[in-house]
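Trainee: I would like to learn how to read salt bridges in a model. Could you walk me through some?

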Amino acid sequence: MQKPSQPIAVLGAGAWGTALSLVLARNGQEVHLWDRDEALLQEMSKARCNRRYLPEVMLPDNLIVCDTLPKALERVQDILLVIPSHAFVAALHQLKSLRLPTHRLIWATKGLEPETGHFFHTVVEREWGTAYPYAVLSGPSFAKEVALGLPTAVAMASRDKIFLAESAARFKGDAFDVETTDDIIGVQLGGVVKNVLGVAVGISDGVQFGANARAALMTRGMTEMIELGKVLGARQETLMGLAGCGDIILTCTDNQSRNRRFGLALAKGLTKAAALEEVGQVVEAVYNVEQLCRLAEAHEVELPIAEQVFRVIKGEIPSADAMKVLFQGRSVSI
């Protein structure tokens, strides 16, 4: 399919927002990048790179850094939100007075609404109604590698077939592939669970539990994710694909992952606050682990790994003890 000719607005100039903007710009599209951090935008405009997050990559001329949100939305039909989960609702509220009936929404935020535990498609329908087409992009993707043009494959989900095809076409390029599905719940669930499993494996590796434990945690975590997915209406093939299994492998095995690094910091005995300071960036699992546990409890699904991660983050149990709980002789049906 031919790529849409209209510009696209990207809201969020962190590492991931900048990396996706680069993908879109390299595909020949005009990109309007905006962020709430005025100092960051000024620096990016002057340096023509994101020195704070991706200093190695220069911004092409068709990636326009906009100093106001209305400027970013000029001549735009599609809006891409790349912001932390705790800011998602605030962004929708900010856009309400500026949105047009023709606007369409994509988000690359992985998480749940912190206050309610709702998936973001539910939040969009609650805040904007059901008239606006929407899609979610997720999957195994470190921002630095995407920005450098290294091969990457992600998943995109929407129930609007036309919008899904057009949105995927925007992103597809020589080194960036997009698999499409209408399983909006499965794609989002994978992005939530992988964050928490990344922390769990980081803790396990940090307390020197070894490669066997890492493999067990990842495998059991995938099983728990699939069990929860069943009752939520997600498809198993989605969770075993890029958005689930793929993102879990990436997040759990490479120190580019903020969630994994946060787990490693907790394993050293740091408090949540100190571990977050050491990571120095948003760690989505901190915002979402409690809501994931509540979601599972409401649907009577056991998520022992998430439960132990939550206990460690709250300071209820030392990291090593939490991992020991997970490996005490469990009887698991297969």
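Predicted model: local features only at pLDDT ≥ 70, side-chain atom pairs only at ≥ 80, totals over all residues.

Trainee: What is the distance, N to O, between the side chains of Asp78 and Arg170?

Mentor: Their salt bridge has an N to O distance of 3.0 Å. Asp78 belongs to strand E6 (residues 78-81) and Arg170 to helix H7 (residues 161-171), so this pair ties together parts that are 92 residues apart in sequence.

Trainee: Are Asp78 and Arg170 buried or exposed?

Mentor: Both Asp78 and Arg170 are buried. Buried here means under 20% relative accessible area.

Trainee: Which residue does Arg235 pair with in a salt bridge?

Mentor: Its partner is Asp182, with the closest N and O atoms 2.6 Å apart. Arg235 sits in the loop between helix H9 (210-232) and helix H10 (236-239), while Asp182 sits in the loop between strand E10 (176-181) and helix H8 (184-206), so the two tie together parts that are 53 residues apart in sequence. As for accessibility, Arg235 is partly exposed at 32% relative accessible area, and Asp182 is partly exposed at 42%.

Trainee: And what do the side chains of Asp67 and Lys71 form?

Mentor: They meet in a salt bridge, 3.2 Å from N to O. Asp67 is partly exposed, its relative accessible area being 48%; Lys71 is also partly exposed, with 42%.

Trainee: How many salt bridges does the count come to?

Mentor: The count comes to 20 salt bridges, taking a side-chain nitrogen of Lys or Arg within 4 Å of a carboxyl oxygen of Asp or Glu.

Definitions and conventions: Residues numbered from 1 in each chain as written. Heavy atoms only, no water. Buried < 20%, exposed > 50% of the residue type's maximum accessible area, 1.4 Å probe, protein only. Helix = DSSP H or I, 4+ residues; strand = E, 2+ residues; numbered from the N terminus.
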